[in-house]
Amino acid sequence: MAKHVLLQTNHGDMKLELDDALAPASVRNFLSYVNNGHYDGTVFHRVIKGFMIQGGGFEPGMKQRPTDAPINNEAANGLKNNRYTVAMARTQVPHSATAQFFINTTDNDFLNFKAESVQGWGYAVFGKVVDGTDVVDGIESVKTGRRGSHDDAPLDDVLIVKATEMA
Amino acid sequence: MPPTWKSIDFISDLHLAHDTPRTYSAWAKHMAHTPADAVFILGDLFEAWVGDDSRSTGFENQCVGVLVRAAKHRSLAFMVGNRDFLVGADMLDECGATALPDPTVVLAFGRRWLLSHGDALCLADVDYQSYRAEVRSAAWRERFLSMPLAQRRTIARQLRDASEARKHQLPLHEWADVDADEAVRWMQAADAPVLIHGHTHRPGTNELAPGFVRYVLSDWDLEESPGRAQVLRLDADGLTRVTPSTAAAR
């Protein structure tokens, strides 16, 4: 059975459907952060129109929240980085994903798994937005600019008020 | 296009600067290892360019090195963009790159392709168009380039800071897209059914009018992850988006 998470933001609510069959480690990891309240009060700190919206790592003021250990990259699961899918963010290192995630706002083929190499690993899709895609569209369109050392940061905080696992 | 050519790469909007090391590295690798016979750079390779005399030191000089080495193995063509419009003949000569006017028509693989950076087509951005008219004038260029290099660098920084500050004040400003009717007029005048441009940072392909298609080049930004960097490759089969080369293909 798929899992569901409600993301309540200051731009509206989104319902995420998580594919725990094809991305078990990513879903387990994401739910762990949801259930211990990690995402509550974090922001979408990186928003690029026509690309993706990224969040779950920083509080307002760009203060980074501590995370748990990184997880394996499950991008080879066949799920594509298509519009409104949810994927794990990470550094350049393939297996470095912790808490941050992003929502694709277009079909980003170039983010899909190609090979088990640094260049080819891609980004692991583990779910999709099934309700509230208009909220994603709204967040995608906020004014952004440079805030401190962060480019593409919303000028007014886009806040995840609460993330809850739904029954 | 020389008959021996098998493919041409189109890139734009890398906005390279000393503080974009990851994007610079990906570009340097692609320039060294792409299998294409030519690389056409369609504007905003550089985040800023204050004059060709800046090319002899620092980050700019590193970029010259990349281009000079690439030019040994493939043809290079360079169109200026709205950030690096002061790239001139001295720079292109040293790099071994051919200057491309904006727009340019290319005859390749039996078809005509219209190339443009794209900023001149964003007619809805009225403020930008009047700014563009001013800074592309010979008088402005001469006045600016006559200032000492250090002063030009300062002014460029100030312009960049002012541009950032404006984002806070103006109502929501979407990247203005090209004016579709004007773009189609350009394509009709050039007898080229395909337009390739950058500038908007909104990669995609769509039909502007029946029979007139435009391809928007991806910008490159790899400083954060996920980042974005794509090459548009033209060969006998048409246009495909490919990942930048990282090593010599076997």
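In this predicted model, the buried residues of helix α2(B) pack against α1 (21-33), β2, β3 (75-79), α3 (89-95) and β4 (97-99) of chain B. Those buried residues are E60(B), C63(B), L67(B) and A70(B). Look down the axis of α2(B) and they fall within an arc of 85 degrees, so they line one face of the helix.

As for its dimensions, α2(B) covers residues 58-71, which makes 14 residues. From first C-alpha to last, α2(B) reaches 20 Å, close to the 20 Å expected at 1.5 Å a residue.

Now for the cores. Here's how two of them line up:

| Core | Residues in core | Some members |
|---|---|---|
| Largest nonpolar core | 54 residues | including F10(B), F40(B), L115(B) and I196(B) |
| Another core, apart from it | 45 residues | among them V5(A), M52(A), A97(A) and A99(A) |

In the largest nonpolar core, F10(B), F40(B), L115(B) and I196(B) touch the most other members. Strand β2 (residues 38-42) of chain B gives the most to this core, with five residues. What does F40(B) touch, leaving out residues up to four places away in sequence? Its contacts are I8(B), D9(B), F10(B), A77(B), L100(B) and L115(B). As a bit of background, nonpolar side chains tend to be buried together in soluble globular proteins.

Finally, the two chains meet in a contact that takes twelve residues from chain B and 18 residues from chain A. On chain B, the side touching chain A has two nonpolar, five polar and five charged residues.

Key
Residues are numbered from 1 along each chain as its sequence is written. Chains are lettered from A and ligands numbered from 1 in the order in which they are written. This is a predicted model: local features need pLDDT of at least 70, side-chain atom pairs count only at pLDDT 80 or more; totals for chains, interfaces and linings use all residues. A nonpolar core is a set of buried Ala, Val, Leu, Ile, Met, Phe, Trp, Tyr and Cys residues joined through C-beta atoms within 7 Å. A residue is buried if 20 or more other C-beta atoms lie within 10 Å of its own, exposed if 12 or fewer, and partly exposed in between; C-beta atoms are placed from the backbone. Helices (H or I, at least four residues) and strands (E, at least two) are DSSP runs, numbered from the N terminus. Two residues are in contact if their C-beta atoms, placed from the backbone, lie within 7 Å. The expected span of a helix is 1.5 Å times one less than its number of residues. The arc is that of the directions from the helix axis to the C-beta atoms. Ala, Val, Leu, Ile, Met, Phe, Trp, Tyr, Cys and Pro count as nonpolar, Asp, Glu, Lys and Arg as charged, and the others, Gly among them, as polar.
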